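Let's take a friendly walk through this fold, starting from one side chain and moving out to its surroundings. Have the coordinates open as you read.

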Amino acid sequence: MLTPALNFESVDAFLRSDAEGLHAWVTRSRSRLVWFSIAAIVVGSGLYGAVVGSWRDSWQALHNGIKLPLVILLTALGNGLLNGMLASLLGLNLGFRQSLVLVLISFAMASLILGALSPVALFLVWNTPPLGASTGFASLEYGFLQLTLAVFIASAGILGNLRLLPLLRRWTNKPAVARKVLFAWLAGNLFLGSQLAWILRPFIGAPNLPVEFLRATVFHGNFYETIFNAARRLAFP
């Protein structure tokens with residue numbers, strides 16, 4: 001029988017849960033927590049992705065609503081395996097299954113934050129001139145939306161990972177080890193997530209190219225170059 005700490009029946013209970021409750025879920029109710037996290041990722045990040053793509057058109061919104069959750073789930077799967085090894089190397093005794101569940105928890109929290117930010121993102125999209133002849137790839141509006149919507153994603157990801165710090169401390173009596181593990185996981189999430197995002201590109205879309213789910217040039221360029229160019233266009237219009 002589940003203890004009251006394990007009874008997560010709402011998003012609010014999940015977000016407000018303390019380290020003790022999360023630890024109990026990971027150790028005793030893992031399958032329920034995994035499916036709950038996957039559902040939160042699909043709904044939260046899917047809604048945000050659709051809002052981002054809606055600035056282009058409805059097809060871009062549909063593609064983004066599918067691709068952003070896919071990027072997050074693939075990142076969670078890849079980093080779930082990597083993070084288990086990193087934790088062991090840094091002195092934290094975590095199994096691969098436990099590390100995967102923890103990664104899913106952090107991404108679920110990040111996705112729910114993104115879902116909550118969707119109205120703000122929609123406000124920005126609604127009040128930005130539509131993509132067209134006067135609002136093209138080199139325009140300030142395009143660069144502003146790129147950077148702002150990317151900052152929302154990065155901030156949600158960082159907040160989701162920081163929620164794991166008290167939980168990691170329960171596996172070790174050395175707070176410094178927990179911080180090192182969290183920093184290593186953040187770096188891994190950033191690297192793998194950005195590369196997968198560049199391949200699937202759940203973004204606004206290039207104004208000079210047709211809307212496609214997956215482009216033939218997915219391996220051309222990189223995520224960091226795109227963000228740098230957007231920042232450069234804003235700083236030096």
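Gln-98 counts as buried because its relative accessibility is 19%, where buried means under 20% relative accessible area, exposed over 50% and partly exposed in between, with a 1.4 Å probe and protein chains only. This is a predicted model, in which local features need pLDDT of at least 70 and side-chain atom pairs pLDDT 80 or more, while totals for chains, interfaces and linings use all residues. Residues are numbered from 1 along each chain as its sequence is written, and side-chain values use heavy atoms, without hydrogens and water.

Gln-98 sits in helix H5; helices are DSSP runs (H or I) of at least four residues, numbered from the N terminus.

| Residue | In contact with |
|---|---|
| Gln-98 | Val-26, Arg-30, Asn-93 and Trp-171 |
| Ile-105 | Phe-14, Leu-22, Val-26, Leu-33, Ser-37 and Leu-164 |

Ile-105 is also among the residues with the most contacts inside the largest nonpolar core, which has 47 residues. Such a core is a set of buried Ala, Val, Leu, Ile, Met, Phe, Trp, Tyr and Cys residues joined through side-chain atoms within 4.5 Å. H5 gives this core its largest share, 14 residues.

Now to a helix pair: the axes of H5 (residues 96–126) and H6 (residues 140–162) come within 8 Å and cross at roughly 155 degrees. Axes are lines fitted to C-alpha atoms over the stretch in contact, with angles from 0 to 180 degrees between N-to-C directions. H5 and H6 are therefore roughly antiparallel, a term for angles over 145 degrees.

Note on methods:
Helices (H or I, at least four residues) and strands (E, at least two) are DSSP runs, numbered from the N terminus. Angles under 35 degrees count as roughly parallel, over 145 as roughly antiparallel, 65 to 115 as roughly perpendicular and the rest as oblique. Contact means heavy atoms within 4.5 Å. Lists of a residue's contacts leave out its neighbours within four places in sequence.
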